[in-house]
Amino acid sequence: MALSDTSAVTRRNRRRASSAAMGLLRFAVTTLTTVFGLLVVTFFIGRVIPIDPVLAIVGDRAPAHVVERTRIELGLNLPLYQQFFIYVEQALSGNFGTSVLTTNPVFEDIKRVFPATIELATIGTLIGAILGIPLGVLAAVKRGSIADQVVRVIGLIGYSVPIFWLGLLSLVLFYAKLRWVAYPGRIDVVYEYTFTSTTGFFLFDAAWQGQWDVFRDVFRHVILPASLLGYFSLAYISRMTRSFMLNELSQEYIVAARAKGLSETRIIWFHALRNAAVPLVTVIALSYAGLLEGSVLTETIFSWPGLGLYITNSLQNADMNAVLGGTLVIGAVFVGINIFSDLLYRTLDPRTRSR
Amino acid sequence: MSPNPTGAAQAQPRPYSREWLLSDRPVSRRQARLGRAYIVWRRFAENRLALVGLAIIILLLLVAAFADVLSPHDPVVGDLRNARLLPPGSEGYLLGTDDQGRDILSRLVYGSRLTLLVVVLVAIIAAPIGLIVGTVSGYIGGWADAVLMRITDIFLAFPKLVLALALVAALGPGIENAILAIAVTSWPPYARIARAETMTFRNSEFIAAVKLMGASPLRIILRHVMPLCVSSLIVRVTLDMAGIILTAAGLGFLGLGAQPPLPEWGAMIASGRRFILDQWWVAAMPGFAILVVSLGFNLLGDGLRDALDPKEAGQ
């Protein structure tokens, strides 16, 4: 009896282990093919679509021998598949070429500007989640009420408004008219040379070093673009929270909790929201990824020296290496966030764990 | 309803009346179709906001169609000497003028044509691509499915705006390239939807029946699978229209979409950016137009989804 029991357990464990291994394998294949696909797409955009990448670099007035030399330097005389192998090899070793605009390696540039974007998107997501979740819960609990309608309209406008336009108008109001926030940029010129950031995250560094005047200044710079991005994630998060909460509130365990005589507050915030929180984590991760994209236009409006501004500046100057490097990095971060949220979902939801 | 529904002498309600439309035993295919459309319309019309959305879109279509009649001034050539940067409400210029002395209202009216052009062309390019990829992938399955879905996932992995930016950077700025770039980034969700839809009835009996009659896979996909995927695709495309408009406006704002002097709304905001502090209306008006139109598409899409798919309603 005991013997057969243990053998059944080991068999089950083995089956679980093998299915876990299969899952891991499938996961690895998915990730690898997606990254490979990102490389193929950027290679096509950079090398195949432009009529002549050489002309884009040297200009159309360059003498013939310069054009020929650049062509060989770029490896454009090789067959396409060899070019692709070289491209993949370089990209995987972090070599995205040199930026024509800044004359630095693109990888160095991206490393320098990326923390600014991360800082902005993180604060934006925090704002969106802190305001969006209670709003969504409120809309679900008071379904059909005025509050529900208001939350719905706030969300709909968030889905419909051009972010760069809202940014411009809010600059006029909060910077030019009310003087509540600082001029576009990341930090005041006064502090630009006295304050050294070690991690690239200005708010964190200023607080760490105890420079509270710098912290205050950085905060006055970051708050408007971050609120703007926060509004967009709020629109998404509140809508999804409402839908998840409606789903939970119609479950039987809520009826059971009510029958036990628990207070409505406790039922909503501890029972229903706790269960809705699992899919919400995925939503927040996805909205974070969305903000990285939204930052392209926001950073342009607020002169925020992040990856978005870097990409648009490079675009204006036909700096393809920088544009493609930035695209590839954002794509890779997207893939990373998707994988992360997937894993998080699996760890948080016990039902997916046992399978 | 007649008290004796099985009776042979049951009187047919007057054609096109409410009873005729709602009859649960239609006598002709046309009656069944009209009846179904009537039910969907009633469900749609219950939703006030959806009607507002529909009104906005109809208004947009009318404005675009009658742009020549409606616009008081030339959208491209302005009056530089007398009418530069006039505020809204000036005589003859209801919404003011821009830095070239052009009437903003006229530019908005003509800009509606560009907005519609972008939205319609993107839908015409992206929806069929998604439909084909999704139905083929869902119906054939196996390796074709795996490969097509991997490709779809790769395009889904790119953020839309960033991929569109890179594509336009390579193709060169212009409204045609912007449309192409947005279409390339828009099809993957449609493929996903069409595939999911196809999977639900791939093994159903009516497909087996057509197969028995000797229909080729191509014919099955074209004549039997695709028509069933269309309605959910239409809802999704309508919901995406706002996003398409916003992406196009973003590209225009960055100078990668429609080129001057075309009155594209995003580009108009960009040109008003320099005067934003003193002549706010130059940038504010086109942005407001974008907001209203994309709100209209969002409301319409929400309403359509709720009307066509009651399961999702209220979620």
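**Leaving aside its neighbours within four places in sequence, A:Thr125 is in contact with A:Ser233, A:Ile284, A:Ser287, A:Tyr288 and A:Leu291.** Two residues are in contact here if their C-beta atoms, placed from the backbone, lie within 7 Å. This is a predicted model, in which local features need pLDDT of at least 70, side-chain atom pairs count only at pLDDT 80 or more, and totals for chains, interfaces and linings use all residues. Residues are numbered from 1 along each chain as its sequence is written, while chains are lettered from A and ligands numbered from 1 in the order in which they are written. A:Thr125 sits in helix α5 of chain A; helices (H or I, at least four residues) and strands (E, at least two) are DSSP runs, numbered from the N terminus. A:Thr125 counts as buried because 26 other C-beta atoms lie within 10 Å. The cut-offs, with C-beta atoms placed from the backbone, are 20 or more other C-beta atoms within 10 Å for buried, 12 or fewer for exposed, and anything in between for partly exposed. For a sense of scale, A:Val172 is 47 residues from A:Thr125 in sequence, and their C-alpha atoms are 24 Å apart.

**A:Tyr345 belongs to helix α14 (residues 320–348) of chain A.** Is this residue, A:Tyr345, buried or partly exposed? A:Tyr345 counts as partly exposed, because it has 15 C-beta neighbours inside 10 Å. Look across to A:Thr282 as well: 63 residues separate A:Tyr345 and A:Thr282 along the chain, yet their C-alpha atoms are 6.7 Å apart.

**UniProt, in an unreviewed entry, lists residues 21–45, 120–141, 153–176, 218–237, 276–302 and 322–345 of chain A as "transmembrane region".** UniProt positions are given in the numbering used here, feature names are shortened, and annotations may be inferred rather than shown by experiment. Residues 120–141 of chain A are 100% helix and 0% strand, with end C-alpha atoms 32 Å apart. Residues 322–345 of chain A are also 100% helix and 0% strand, and there the end C-alpha atoms are 34 Å apart.

**In chain B, the "transmembrane region" annotation from an unreviewed UniProt entry covers residues 49–67, 114–140, 161–184, 234–259 and 279–301.** The span 49–67 of chain B is 95% helix and 0% strand, and its end C-alpha atoms lie 26 Å apart. Over residues 161–184 of chain B the ends are 11 Å apart, C-alpha to C-alpha, with 88% helix and 0% strand. Chain B as a whole has twelve helices and zero strands.

**Helix α10 (residues 217–253) and helix α11 (residues 265–272) of chain B have axes that come within 7 Å and cross at roughly 40 degrees.** Axes are lines fitted to C-alpha atoms, for helices over the stretch in contact, and angles run from 0 to 180 degrees between N-to-C directions. Angles under 35 degrees count as roughly parallel, over 145 as roughly antiparallel, 65 to 115 as roughly perpendicular and the rest as oblique; α10(B) and α11(B) are therefore oblique to each other. Their crossing is right-handed, a term for the near helix being turned clockwise from the far one by less than a right angle, with anticlockwise giving left-handed. On the α10(B) side, the residues that meet α11(B) include B:Gly250 and B:Phe253, and their partners include B:Trp265 and B:Ile269.

**The axes of α7(B) and α10(B) come within 11 Å and cross at roughly 45 degrees.** That angle makes α7(B) oblique to α10(B), and the crossing is right-handed. Here B:Lys160, B:Leu161, B:Ala164 and B:Val168 in α7(B) meet B:Thr247, B:Gly250 and B:Leu251 in α10(B).

**The contact between the chains takes 36 residues from chain B and 38 residues from chain A.** On the side of chain B that touches chain A, the elements giving two or more residues are α6 (142–157), α7 (160–171), α10 and α12 (281–308) of chain B. Which element gives the most to that side? That is α7(B), with nine residues. The predictor gives the complex an ipTM of 0.84 and a pTM of 0.86.

**Mean pLDDT, the predictor's confidence in each residue from 0 to 100, is 84 for chain A and 86 for chain B.** Where pLDDT is low, the predicted coordinates should not be read in detail.
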